Structures are given as C-alpha cells and as structure tokens.
Amino acid sequence: MESLWTYDGQFAHGFERVLPSGRMQLLVNLHEDAFRDYRLDGRLAHKTRGVAIQGAHTAPRVVDTACQRSICGVSFAPASASPFLGMPASELTGKVVDLYEIWGRDGTILRERLLQAPTSAVRLDVLEAALLARGRASKPRDEAVAVACSLLMGGASVRAVGVRLGLSPRRLIERFQVHVGVKPKLFARIARFQSVLESAGGEKTWATLAGEHGFRTRHIWSASSGHSREPLPSRIALGRVRTATTYLSTSGNFLQYEAGRPGAHCANVPKRNPDRSPTTSP
C-alpha cells in the first residue's frame, strides 16, 4: 500500500485528464453511488457503482469530477494490490470494476460503513480495517516483483532486473502480469513517463523532456501522455498539478495516511506527490 486518503471539496472544472501511473486504486465515491470515466474522444469508457477497483491504466483517460466531491480510497504501490484481488491484476488493466465483483457483499458493506463515518480520520480507520481483514486471508505480495518495480522506477533496464532476480524474460513477464497488470517493459516506460512529469516546468517542450528521459519516438510519448510537441501547460509551470492517485486540488480538504502513518490535514494547500499528472480538460 502507498497511501490511504480521503477528500471533500468541489472542483471548478467538470472533467480532468488523468495520465497513466501503472498503479491500482480502491475508490469509494461518497457523494453518489457511481463512477464514470471517459475516453479522450468523450465517449463513456466505464460506469460502475460507487465502490470500485481501478486497474493499472496505460493510456490517458478523462474522469468526471462530479464523482470526486466526496471520495476516499487506497493507492496501492506497484505489485501490492494483488493480495486483495483474488485474480490476476491483468484482468483489471485499463478498467474500473465494481468492487462487488471481487469482494462480494463486503464491497457494498465497506461503502455503507464509510458513509456512516463521522470524520475523515474515521474513514481512514474504516479503510485500514477493511484492508487488514482482507489481508489476513490473502497470500502475501510477490516480493520479487515489488523489488523489480522499484528497480525499474530507478532506471534499471528490464534485462538487468531479470538477471538480478534470476528470472527468465518469460517468467518475469508472467509475474508482472499477475501482480502489476502490465508487462515489465510497459511498466518501465510508464515509470519514465512519470519521471518526465517530475521534471515538468519552465520553458521546455514535452518533446524535449521526452527525449531527455529516453522516449525516442513521438508515437510512444504521445500514447502515454496525449501530448506531443506543444509547450508545457501554464498550470504546470504554476505548480497546479493533478495526482493520479490522491485527487488533490487547490481547494477543499484532504487527509492522507502514507504507509499507515497519519498525514496532516490540509485546507486550500496543494500537495506534491511522486505520482502526479497534469490536469487538463478534454
């Protein structure tokens, strides 16, 4: 697990483009019993009830911010969600799936308990208790794949990771698809893409940053970001960023526990997060 978080507030805009992070999330909409996200052309991609598992996304998507006025959830570190799924992570890749399909009645009960929680801190306690209960009956995560993800995010090559862990290319791919949801080369590409976002700012164009971080073709970069040669949006230069995993904005109230540790309660203060992505409207 990377963090437990909860957010209450309202965005000024109706839609947001969310960029891929290679991570999975458990999401609970407390404002309405629904989640909706869209393809970049505006067509509805997924609609599900208000408690869901979001698989690892490998391409940009658009979310309806009306689903985020009161929301909480769990952001899983790479390879850490699989113990709570009971199925290969690859079956959820690119999807938002009703938690009822995975947890049964426990998914519905979780949302009911969260709706009854009187404070943000209690919400996080409810989420933590649900995870602990599921975790006791689950197999532990694949530590080798977790290490592989960490190495890839640090810039190691897929081949070097396989050699270090003593895994053949085929075996490494199989374990990544089960525990991460994507193949290791694609995960490494997304990790490099997130490194580009970390470096965003100033007058550099997307194309310049992409080249500096190892994206050698415009096609690969555009597939990840939805952008190509245009200058960085001004909102990035101003520090207004949208995280793919924590639903932050410059208004509203946000409370987060990272790896089980309570974070400070924030009001009207934007936070930075390693897994952030620019906010744009479709």
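**A conversation about the model**

Author: Let us begin with glycine 155, which lies in the loop between H4 and helix H5 (158-165). Please keep in mind that this is a predicted model.

Reader: Is glycine 155 buried or exposed?

Author: Glycine 155 counts as exposed, because its relative accessibility is 64% and the cut-off for exposed is over 50%.

Reader: And how many residues apart in sequence are glycine 155 and alanine 188?

Author: They are 33 residues apart in sequence, and their C-alpha atoms are 7.8 Å apart in space.

Reader: What about the helices here: at what angle do the axes of H4 and H7 cross?

Author: Helix H4 (residues 143-153) and helix H7 (residues 184-199) have axes that cross at roughly 45° and come within 9 Å. H4 is therefore oblique to H7. The crossing of these two helices, H4 and H7, is right-handed.

Reader: Which residues make that contact?

Author: From H4 the contact is made by Cys149, Leu152 and Met153, and from H7 by Pro184, Phe187, Ala188 and Ala191. By class, the residues of the contact of H4 with H7 are seven nonpolar, no polar and no charged.

Reader: Why do you give both an angle and a distance?

Author: Because two packed helices are described by the angle between their axes together with the distance between the axes.

Reader: Then what are the angle and the axis distance for H2 and H3?

Author: Helix H2 (residues 105-116) packs with helix H3 (residues 120-136) at an angle of about 160°, and their axes are 9 Å apart. H2 is therefore roughly antiparallel to H3. The crossing of H2 and H3 is right-handed.

Reader: Which residues of H2 and H3 meet?

Author: In H2 they are Asp106, Leu110, Arg113 and Leu114, which meet Arg123, Val126, Leu127, Ala130 and Arg134 in H3. The contact of H2 with H3 has five nonpolar, no polar and four charged residues.

Reader: A change of topic: where is arginine 36?

Author: Arginine 36 is in strand E4 (residues 35-38).

Reader: Is arginine 36 buried or exposed?

Author: Arginine 36 counts as buried, because its relative accessibility is 19% and the cut-off for buried is under 20%.

Reader: What does arginine 36 touch?

Author: Not counting residues up to four places away in sequence, arginine 36 touches Leu44, His46, Lys47, Val63, Asp64, Ala66 and Cys67. For lysine 47, which is eleven residues from arginine 36 along the chain, the C-alpha atoms of the two are separated by 4.5 Å.

Reader: You listed Cys67. Is that cysteine buried or exposed?

Author: Cysteine 67 is buried, with a relative accessible area of 2%. Cysteine 72 also counts as buried, at 0% relative accessibility.

Reader: How many disulfides does the count come to?

Author: The count comes to zero disulfides. As background, a disulfide is a covalent bond between the sulfur atoms of two cysteines.

Reader: Let us turn to arginine 175. Where is it, and what is it in contact with?

Author: Arginine 175 lies in helix H6 (residues 169-179). It is buried, with a relative accessible area of 19%. Leaving aside neighbours within four places in sequence, arginine 175 is in contact with Asp142, Ala144, Val145, Leu167 and Val180.

Reader: And where is threonine 65?

Author: Threonine 65 is in the loop between strand E7 (61-64) and E8. Its relative accessible area is 6%, so threonine 65 is buried. Residues up to four places away in sequence aside, threonine 65 touches Phe11, His13, Gly14, Phe15 and Glu16. Threonine 65 and glutamine 10 are 55 residues apart in sequence, with 7.9 Å between their C-alpha atoms.

Reader: What is the phi of alanine 79?

Author: Alanine 79 has a positive phi of about 75°, although it is not a glycine. In general, most residues other than glycine have a negative phi. Alanine 79 is in the loop between strand E8 (70-76) and strand E9 (96-98), and it counts as buried at 3% relative accessibility.

Reader: Finally, how many helices and strands does the protein chain have?

Author: The chain has ten helices and 14 strands. Of its 282 residues, 50% count as buried. Among contacts between residues at least 6 apart in sequence, 74% join residues at least 24 apart.

Key
Residues are numbered from 1 along each chain as its sequence is written. This is a predicted model: local features need pLDDT of at least 70, side-chain atom pairs count only at pLDDT 80 or more; totals for chains, interfaces and linings use all residues. Side-chain values use heavy atoms; hydrogens and water are left out. Axes are lines fitted to C-alpha atoms, for helices over the stretch in contact, and angles run from 0 to 180 degrees between N-to-C directions. Helices (H or I, at least four residues) and strands (E, at least two) are DSSP runs, numbered from the N terminus. Angles under 35 degrees count as roughly parallel, over 145 as roughly antiparallel, 65 to 115 as roughly perpendicular and the rest as oblique. A crossing is left-handed if the near helix is turned anticlockwise from the far one by less than a right angle, and right-handed if clockwise. Contact means heavy atoms within 4.5 Å. Ala, Val, Leu, Ile, Met, Phe, Trp, Tyr, Cys and Pro count as nonpolar, Asp, Glu, Lys and Arg as charged, and the others, Gly among them, as polar. A disulfide is a pair of cysteine sulfur atoms within 2.5 Å. Buried means under 20% relative accessible area, exposed over 50%, partly exposed in between (1.4 Å probe, protein chains only).
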